[in-house]
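Subject: Structure handover

Hi,

Here is the structure I promised you. Please open it first, then read my notes below.

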Amino acid sequence: MSAAGFYALAGVALVVLGLYGLAVQAHLLRKLLAVNILGSGVFLVLVGLGGPADAGPDPVPHAMVITGIVVAVSATALGLVLMLKLTTTSGRPTLEDDAPREGPEA
Amino acid sequence: MSPVLLPDLPWEALLILLPLTGAAAGALWPPAARAIGLLTTAGGLLLLAGLGTAVADAQTLRHAVGGWGAPLGIELRADALSLVFLTATALVGLGVAVYADSYFERSQARGFWPLWLFLLGALNALFLSADLFNLYVTLELMGLAAVALTAFSGGRAALSGAMRYLLATLLGSLVYLLGVALLYHATGTLDFSLLTQRLEAGPAARTALGLMGAGLALKTALFPFHFWLPPAHSSAPAPVSALLSALVVKASFYILVRLWLELFAPLSGLEGAGTGEVLGWLGMAAILWGSWQALRQPRVKLLVAYSTVAQIGYLFLAFPLLTAAGLPDPAAWRAVLWLVLAHALAKAAMFLAAGNLLRFGGHDRIPDLDCVAQRLPLTVAAFALAGISIAGLPPTGGFIGKWLLLEAALLQGRWDLVAVMLLGGLLAAGYVFKVVGHFFTPAAAGHAARPVPAAMEWTALTLAILALLLGLAPAWLLPWLDLAVGPGPAEAVP
């Protein structure tokens, strides 16, 4: 297998790992970390696959990944602030046992 | 366009730069945030008029930002399809901005304006983007601004709704980006027009379509990915709910429409019909499930939020409708664009009216609405008019949209779609009239009432009347929609 294919497959594995964490973990910090792992997986696929195989070195995926990392950092910051606020308001860093979604207003 | 009347400005770039500059200025200088916010939102409408005349002249406008065109630079594109979504954004945005000016306390308002202008800039940029990666960036910019606005009031329900929304929106964008990676590997380009030339049918294109479709469906809250929408949209402040339901969910839908009409449907012809069918089934399920849930809700805002889940379903009914050649059916897409406009106006009016009820009585429990028909007649009129449009009764914008869609489905003998559309209309009438009925009855326990500023009542009513007027303007609007969906896919056929 080519090195590029190996990196892309590793990226896919990270994506799956991130999806699993996002679905299974209840703690919001772990959920945010899972999203970050998922994001790293996507970035690895982007760089690993790159452009068409015969086109030679290509700077565009790198530019995309740098932009993507900036987006991920901002999103994580917003998520952490939300998590802290939610923890101080509800006492728990999880989304479980919210006000019942179909129930009357709390 | 007469060059004497209108200078040849880069309207697309200005439509993005103006709100972003306003957002930065408002954040840096809070005392002026309100003035900047209102002026910028109104100025956007003027820029849109300029862009509209230019597009009417040239059909498709392209602008290379900073003189760097595709494939290396960022290119902006404006055509009739972007114009439909930009118009909805500008109209709803102006109404909500005027409403928010009275809704928020002075201290809260300082936080609201920069976030709203960021959201407006992101929406405009998204509708004007011509490459896949730029769409990802604008999606994220829009998502972050929307999440911050959702959490804005700081209550527990709002915070947990915003958190759920953030996780869903991040997951959606990243899955979309994975699809972009595959397309880039297959074609070596991100630009839409180059992609249409280079993309070939095959496993890469199919997987990319699946990933991007799933990510965008999650962000559009298509059933069964709608779980995040009702908590977020019902716990946000009323003006924010209006923006989220009317505009933000439409943005990811716009990308899906672009991808489908320009890239995937012409590419695979009848081969893509399977994906279209799946999207159509999910749309039908969304209509039935969302309407049924809306009917069961005890609170006005939750009811309106579930109604959004149902109405999003209608937008997806055009995907399975293909012409004999296996291409997207222009008649069905025209209907969907009409529904996008009608739903944006009517749903914004409904959420604003719900905000008035909440302000007036301090709650939005449907059974405890206390004779509001006599006490808030304008709000009640706004809710009822918007509800009629949502239910698709004549002579409203919602009626025309659903009529056109019904016609397209009938012509192709899709009785399943017809049946679901009719049933969804009945259920929608049911949940609208459930609320309207309680407007007239006295509640068991009376309560104190707070005054509602006139501006809040009038903006809700104005948006509802616009949704109504949309139903009276087919002759004027239909040529535009034809321009948006008609020749596009046909041209792309090799």
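A residue is called buried here if 20 or more other C-beta atoms lie within 10 Å of its own. Keep that in mind for what follows. One caution: this is a predicted model.

Helix α17 of chain B

Buried in it are B:Leu417, B:Val420, B:Met421, B:Gly424, B:Gly425, B:Leu427, B:Ala428, B:Tyr431, B:Val432, B:Val435, B:His438 and B:Phe439. The helix covers residues 415-440, 26 residues in total. From first C-alpha to last it reaches 38 Å, close to the 38 Å expected at 1.5 Å a residue.

Helix α16 of chain B

α16(B) covers residues 397-411 and has 15 residues. Its reach is 21 Å, close to the 21 Å expected at 1.5 Å a residue. Its buried residues include B:Phe399, B:Ile400, B:Lys402, B:Leu404 and B:Leu405. Glycines are on that list as well, namely B:Gly397, B:Gly398 and B:Gly401. What do the buried residues of α16(B) pack against? The partners are α12 (300-315), α13 (330-361), α15 (377-391), α17, α18 (454-470) and α19 (474-485), all of chain B. Just after α16(B), B:Gly413 takes a positive phi of about 65°.

Two helix pairs in chain B

Start with α2 (residues 33-58) and α4 (residues 106-128) of chain B. Their axes come within 9 Å and cross at roughly 25°. Because that angle is under 35 degrees, α2(B) is roughly parallel to α4(B). The crossing is left-handed. On the α2(B) side, the residues that meet α4(B) include B:Ile36, B:Gly37, B:Thr40 and B:Gly44. On the α4(B) side, they include B:Trp113, B:Pro114, B:Trp116 and B:Leu120. By class, this contact has eight nonpolar, four polar and two charged residues.

Next, α3(B) and α18(B). They pack at about 165°, with their axes 8 Å apart. That angle is over 145 degrees, so α3(B) is roughly antiparallel to α18(B). This crossing is left-handed. Among the α3(B) residues in the contact are B:Leu91, B:Val92, B:Gly95 and B:Tyr99. Among those of α18(B) are B:Met456, B:Thr459, B:Leu463 and B:Leu466. The contact divides into nine nonpolar, four polar and one charged.

B:Thr89 lies in α3 (residues 80-103) of chain B. Is B:Thr89 buried or exposed? It is buried, because 27 other C-beta atoms lie within 10 Å. Leaving out residues up to four places away in sequence, B:Thr89 touches B:Leu123, B:Asn124 and B:Leu247. Its C-alpha atom is 9.8 Å from that of B:Phe127, 38 residues apart along the chain.

Chain A

Chain A has three helices and zero strands. Of its 106 residues, 33% count as buried. Take the contacts in chain A with a separation of 6 or more: residues 24 or more positions apart account for 57% of them.

Where the chains meet

33 residues of chain B are in contact with 38 residues of chain A. On the chain B side, α5 (132-150), α6 (156-187) and α9 (229-235) each supply at least two residues. α6(B) gives the most, with 17 residues. By class, that side of chain B has 22 nonpolar, five polar and six charged residues.

Best wishes

Terms used:
Residues are numbered from 1 along each chain as its sequence is written. Chains are lettered from A and ligands numbered from 1 in the order in which they are written. This is a predicted model: local features need pLDDT of at least 70, side-chain atom pairs count only at pLDDT 80 or more; totals for chains, interfaces and linings use all residues. Two residues are in contact if their C-beta atoms, placed from the backbone, lie within 7 Å. Helices (H or I, at least four residues) and strands (E, at least two) are DSSP runs, numbered from the N terminus. Ala, Val, Leu, Ile, Met, Phe, Trp, Tyr, Cys and Pro count as nonpolar, Asp, Glu, Lys and Arg as charged, and the others, Gly among them, as polar. The expected span of a helix is 1.5 Å times one less than its number of residues. A residue is buried if 20 or more other C-beta atoms lie within 10 Å of its own, exposed if 12 or fewer, and partly exposed in between; C-beta atoms are placed from the backbone. Axes are lines fitted to C-alpha atoms, for helices over the stretch in contact, and angles run from 0 to 180 degrees between N-to-C directions. Angles under 35 degrees count as roughly parallel, over 145 as roughly antiparallel, 65 to 115 as roughly perpendicular and the rest as oblique. A crossing is left-handed if the near helix is turned anticlockwise from the far one by less than a right angle, and right-handed if clockwise.
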